[in-house]
Each structure stands twice: as C-alpha cells, then as structure tokens.
Amino acid sequence: FPVENIRNFCIIAHIDHGKSTLADRFLEITGTIAKGNNQQVLDRLQVERERGITVKAQTASLVHTYKGRRYLLNLIDTPGHVDFHYEVSRSLKACNGAILLVDANQGVQAQTVANFYMAFEAELILIPVLNKIDLKNAQPEQVAEQMHNVFDIEKSEILKISAKQGTGIDELLSAVIERIPSPPGDRSKPLKAFVFDSWYDRYKGVVAHLAICDGVIKKGERITCASSGKTYELTEVGIMYPTQVPCDTLYAGQVGYAMMNMRNVDEAQVGDTFFHEKVPVQPLPGFRSATPMVFAGMFPSEQTDFLTLRNAIEKLTLNDRSVQVKMDNSPALGQGYRLGFLGLLHMDVFNQRLEQEFDVSTIMTAPNVAYKMKIKGEKNIKFHGSDEVTVLNPCLMPDPAIITEYYEPMVNGTIISPAEYLNQLTALCHEHRGRIKDQVYIDNTRVMMQAKFPLSEILVDFFDELKSITSGYASFDYEDAGYEITEVLKLTFCLNGREVDELTMICHVSRARETASRICLKLKETIPRQQFVISVQGKVNQKVIAREDIKAFRKDVTAKCYGGDVSRKMKLLKQQAEGKKRLRRIGNIDIPNDAFLQILKK
Ligand code: GDP
Ligand code: MG
C-alpha cells in the first residue's frame, strides 16, 4: 500500500454511543471478520466483555476498496470512560483523523465534549456522525443542532448511520478515505517508529504496537531504542487483522505490532522511538505520562502470596502503564503495594483483572487522593530536605503540629443534563464543595455546566448521585486542575481499640464529624456480629468523635436445618469456610475483605 492509500483513524464517543458496534461493522464490511458472529471483536479483555466497556485501546487494520483502489484503514478503538483519557490521548497520536460518534437519541454528552477537545488539540480531522438513527426516539435534527452549537460543526457535514443495522457504513468508510489525510510518512527516509502501546502476552512476551513514521521495518532487522540505547532483533512484525497476522515488512504510515524478545517489563516504554541499529534519528517527543489521581494500598490476602501478587502487578502494569506502583508496608497487612490509579473505575478494573487473569486474591485499602502539605522549617531531613510532602498513604501523614498548609487536588468538571434539573444540580455541586464557573444551554432543553471540584468530592458517590437526581439523564466528565489550598485532618477508626489501617483517611475539616459517624454506622452494619461486643470508634488526634457498638451474637449456621440431611449441613459448613477465606482479621475480629469500598459509599 502506498502511503496515500493508508488512513489512520479512531472513533471517539461517549460510553455506549456505539463505538464497538461500529468497529464490528467496519470489520465485517471489509471482510476482516465473518458477518454475524464475533460481537465486539476489539473488546478483548474479559472485564471489557463483562462490563461492556472498552478499557484498553486496540487497533485493527482493514482493507477497503473505494473507486477501484484498495486502501489500508487502520482503526484504533478508544475507551470512552473518563478514567481512561490517557489511553484516548495516546491513541490520537497515531491518528490523522477521528470519527466523532454521537447517539442520536442521547445527544451530546460530557465525554463527547471532552473527547472532542482532545481531538481538536491533536489537530485531527473530525468526521461528525450521528448513530442509532434506527431508534424510534432518535432526534437527529435536535442533536445536529447541539453539535453545531457546542462544536461549531456544519450540519451538512454530519453523517447519519445505524451501527447496529449497518445503515450508512459504506458512506462513512468513503468519508474516512475522502476527508482524512494520509499519514505524512516517507519510506525512503531512515526508520523512525514510535511505540504507542505495549502489551504483555502470556505466551509471546512483550508485544509493542508501533506507528511507523518514516522508513521501513522488517522481520529479522536489528533496531535500537532511543531512550535506553538497547538493540533488539525483530522476531516478528505484523498487523492487527484484527488479531496478530505476521507479515515481513511494515512501511511508513502503517501501524502494526512487533516482537523483539524483550525480557524486562520496562523495555517497551510507550512514547519511545526506535530506529535501525547505527542509524539514529531525532526521537519524537515522548508522551506526557498519565497522572494517577486515586491511591490505594494493595496487599495479598495471605502474606505467602506476596510473590504471586508482585509478579501479577508487574505483568499487568506493562499492559497498563498508567498505574503507579510503589512498595508499601503495613503492620497489620504486611508487605504490599501502594498503587496510583486514574480513577475509581480504573482501580476496580485493575483489581478485577488481577483476580481474573492472575488468580490473586487481594486486600485493598480505602482509596484516597494525594494531598500535599507544607512542613515547618525550610529543610526537614525526615522529608528529604524538602518543605513539602505529598501524602499518598494517609497512615503516613506527618504530625499536624509541624504542618503549616494543606493542598488538595482539584478537577474541572463538565456536566450535561436536561435543564429541568438545574436546581438540583446546583445544590449537588455545592454539597460537594464545587464552584460553578459556567452554565450554557446547548439547545432549548439541555444545559452544560462547568464547575471546579475537589477531586476527593467526586471520587466515590458523586456520579451515582448525579445519575439519581437526573433519572440517569446527566453525564459527567472531568480533567485535572492542579492543587488548591485546603484544611484537612486525619481520621482513624478503631475496633475494640485497634486501629484499622485500611480505613485511615484524610478528610476535609467540614466533613470530619459527619464522615466519622457515617463510617462508624456503616462498620456496625457491615461487620457481622461476633461472640463478643465490638466497640467502633472514629478518632481525630486520639480524640473520639464518633462511636457505635456492635452487639454480641452467636451465629449457628446449621441451626436452621437441624434434623435435615447431612449433605445439606456439610454444604452449609463448607460455604461458611469459603466465606471465611475472604475475611480479614483485626485483633480477633473478622471483617469481609470487600467491605472497605462499600463502607465509603453513602
Ligand atoms: P461503546 O460503549 O461506545 O463501545 O458502545 P457499544 O458499541 O458497546 O454499544 C452500546 C449499546 O448500543 C449496545 O447495546 C449496542 O447494541 C447499541 N447500539 C450500538 N449502535 C446502535 C445502533 O445503531 N442502533 C441501536 N438501536 N442500538 C445500537
Ligand atoms: Mg465499547
């Protein structure tokens, strides 16, 4: 394929607007997969199929004939959820254009707006598309109006399709070829390839996804990594069609995969440039690395599983570089890790992948954001001679007596909602310490609100509350907005006088009392009664600010089938034993492992 017959593009959209369905249609119409089977081919991970979300950006190459010429179309599927912005911005770097897909029934949503601006900044050519026009309630005219008002898109440029029924797909592929420019690469120049994704395959080892900017890459050649200077022999190169199909050569303008016997997880850095051995080129500017926003401790359920956990985390983080990994130690939980995630869903998905793909059972602490604190005195040896500390683990917060100022991470949030809920939305923003900055109507029924929030306020409940007050019609997205000065304190919880490390948290002063009472009550509800009384206390600086008691209770699981058959009794006892495995002991008290995230929710 000559460069002018190549198109590299992606689909960007709010979650559920039909990206994966459209990708399937593309693969079918170009004969890459057979019709009818293989639903959502690009969503390869088990969690993705289960939850119906795309987590990991995937690529696929398609061959399409247009006006008698054959074109190679490289499609990069992108995740839609706000936690995975980083993956989206990475994929955009390998593209020259994007399909902006909007559900004709739901209209422009918060992530549509966020994704639009990312594509706009990356200077991609956009093809605006209305999807789901087959739906009875589709309102293509009104949604086209929204796209015009919010993105300044000419209504005449908008294509109308049904990804589900396959209507308008051919026209869309034609538009991809006509409107999106071919990649700028030059085959006659020395090789310049950049890594836009890397992947650990259990059987094949490290797989790098490369975009070839200039030159040609062949199997068997030796290539050098610009940042490390290490040289590798290419054992396999190929394209994703839609799964790995080896070929001998990749040319400038193409995207594909490469394997080169990398052993160490750190060798395939996303954003790195590769060139032919002894033919160095100017490397491309690297990617801005993702900033983790949410931190949590992760420990093996059994200390003997520590090595299994370490191995699993190393492999998973190769596939997901946005996770920050640090060693952590806790007197109660032993040796483990402190992990940084892009958001709660990201954390949840990571945890689920650990269990599904590596079969490791873990204990996670309450998630928290990273606070910054100014320390008295210019140079404090304990804090590496700095007068500022970033606290990732609330248990390690310095003594308040030496702290002069506290800072917390902020985000700029975008909410799109039917205008009738405006009053409730305003109240919700204020409840979460948000400052409303802007409010505009995107058509005569919908409003877009921009507000600045402390990140800690939107982590756990905000989205659920937003959905519930707007009957599910509002959407929300946010981006990092730096740090602001704040007032926080450390809240600890004790069961019969023993501190529960997992629940130690840093919280805004205005929320301390309410949070302490709520969590004590939740603990009371969540912890099964045991054979003795348990006192639950919430403390600030050793001072008790909330308390509850859990009454004693002797639980006899077999009582209810007294006289029943023995196998039933055995089954119940077995269930109880299995249930026990997932318990965490604090002193002599058993707590269900997954209780901690539950406890934080309102
Ligand atoms: P993604 O989250 O953007 O990848 O969205 P999916 O492709 O997973 O689609 C979300 C849901 O919308 C699925 O239930 C699809 O079957 C449905 N869907 C996608 N395209 C269409 C369409 O054109 N018409 C209708 N009626 N449903 C669609
Ligand atoms: Mg999808």
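Tutor: Fifteen is the count to start from: of the 15 residues around ligand 1, the ones that come nearest are D16, K19, S20, T21 and D134. Keep in mind that this is a predicted model. By class, that shell splits into seven polar, five charged and three nonpolar residues. Now for some atom pairs. T21 puts a polar side-chain atom 2.5 Å from an oxygen atom of ligand 1. S162 also has a polar side-chain atom facing a ligand 1 oxygen, at 3.2 Å. With A163 it's the backbone that matters: an N or O atom there sits 2.9 Å from an oxygen atom of the ligand. As for cover, ligand 1 taken alone would expose 580 Å², and the protein buries 81% of that.

Which element gives the shell its largest share? That's helix α1, residues 19-29, with three residues. So let's follow α1 away from the ligand. It packs with helix α6, residues 169-179, their axes 11 Å apart and at an angle of about 85°. Since angles of 65 to 115 degrees count as roughly perpendicular, that makes α1 roughly perpendicular to α6. On the α1 side, the residues in the contact are L22, R25, F26 and I29, and they meet I169, D170, L172 and L173 of α6. The make-up here is six nonpolar residues, two charged and no polar ones.

Definitions and conventions: Residues numbered from 1 in each chain as written. Chains lettered and ligands numbered in written order. Predicted model: local features only at pLDDT ≥ 70, side-chain atom pairs only at ≥ 80, totals over all residues. Heavy atoms only, no water. Near = heavy atom within 4 Å. Polar contact = N/O pair within 3.5 Å; in protein donor to acceptor, adjacent residues only side chain to side chain. Areas by Shrake-Rupley, 256 points an atom, 1.4 Å probe, with all protein chains shown as cover. Helix = DSSP H or I, 4+ residues; strand = E, 2+ residues; numbered from the N terminus. Nonpolar A, V, L, I, M, F, W, Y, C, P; charged D, E, K, R; others polar. Axes fitted to C-alpha atoms, helices over the stretch in contact; angles between N-to-C directions. Parallel < 35°, antiparallel > 145°, perpendicular 65-115°, else oblique. Contact = heavy atoms within 4.5 Å.
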